[in-house]
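These notebook entries record, step by step, what I looked up in one structure. The sequence and the model come first, and my notes follow.

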Amino acid sequence: MAGAVSQLESKTNWLSAWVESGSATGIPPAELARQVSSTLLVTALVIIVLLGLAAIVLVMLMGGRLRRRVRDELPPVGSPDPMWPLQVPPTARENTGDPDDGEFEDLGDNGA
């Protein structure tokens with residue numbers, strides 16, 4: 001309890017010394033409080049802006065590393081197939097459900 005009282009006394013002594021120093025310079029305590037609060041506001045804004053810029057830089061660096069990692073793991077690109085427009089993907093025939101897609105079906109021996 002004595003420690004808390006001494007801390008409170010030291011804070012009030014510091015505050016009273018601060019107010020006295022402000023009044024010694026000729027600045028009223030209300031004006032001094034406004035100056036201090038505006039200084040704290042500007043300081044808080046600067047800290048917020050710097051933290052935002054640091055976050056942007058961090059995201060850009062991590063994105064660059066991720067992009068390089070993904071790009072390095074890709075297989076080399078070969079020449080494209082010149083006949084690719086003529087190819088029918090196998091999934092196109094499987095998903096239609098229509099057996100008559102222009103091809104003959106092998107009906108075996110049971111077909112008439």
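Is Glu31 buried, partly exposed or exposed, and what is its relative accessible area? I looked this up and noted that Glu31 is partly exposed, at a relative accessible area of 31%.

**Entry 1: the model and its confidence.** I recorded that this is a predicted model. The mean pLDDT of the protein chain is 75, and 55% of the residues reach at least 70. I then compared the elements: helix 2 has the highest confidence, with a mean of 92, whereas helix 1 (residues 2–24) has the lowest, with a mean of 59. I kept a caution beside this entry: where pLDDT is low, predicted coordinates should not be read in detail.

**Entry 2: the overall make-up.** I found 3 helices and 0 strands in the protein chain. Read from the N terminus, the order of elements is α-α-α. The chain has 112 residues, and 3% of them count as buried. I noted an accessible surface of about 10,400 Å² for the chain, with 66% of that surface belonging to carbon and sulfur atoms.

**Entry 3: the salt bridge.** I returned to Glu31 and looked up its partner. The side chain of Glu31 meets that of Arg34 in a salt bridge, at 3.6 Å from N to O. The count of salt bridges comes to 1. How far apart are Arg34 and Glu31 in helix 2? They are 3 residues apart in helix 2, so about one helical turn separates them.

**Entry 4: a nonpolar patch.** I looked next at the surface. Val42, Val46, Val49, Leu50, Leu53, Ile56 and Met60 form a nonpolar patch there, and together they have about 680 Å² of accessible area. Leu53 lies in helix 2, which covers residues 29–72.

**Entry 5: a positive patch.** Which residues form the positive surface patch? I listed Arg65, Arg67, Arg68 and Arg71. Of these I checked Arg67, which is found in helix 2. Arg67 has a relative accessible area of 51%; exposed means over 50%, and therefore Arg67 counts as exposed.

Key: Residues are numbered from 1 along each chain as its sequence is written. This is a predicted model: local features need pLDDT of at least 70, side-chain atom pairs count only at pLDDT 80 or more; totals for chains, interfaces and linings use all residues. Side-chain values use heavy atoms; hydrogens and water are left out. Patches are made of residues with over 30% relative accessible area and no salt bridge: like charges are joined within 9 Å, nonpolar side chains (Val, Leu, Ile, Met, Phe, Trp, Tyr) within 5 Å. Accessible areas come from the Shrake-Rupley method with a 1.4 Å probe; for residues, only the protein chains shown count as cover. A salt bridge is a side-chain nitrogen of Lys or Arg within 4 Å of a carboxyl oxygen of Asp or Glu. Helices (H or I, at least four residues) and strands (E, at least two) are DSSP runs, numbered from the N terminus. Lys and Arg count as positive and Asp and Glu as negative; His and the chain ends are not counted. The place of a charge is taken as NZ of Lys, CZ of Arg, CG of Asp or CD of Glu. Buried means under 20% relative accessible area, exposed over 50%, partly exposed in between (1.4 Å probe, protein chains only). pLDDT is the predictor's confidence in each residue, from 0 to 100.
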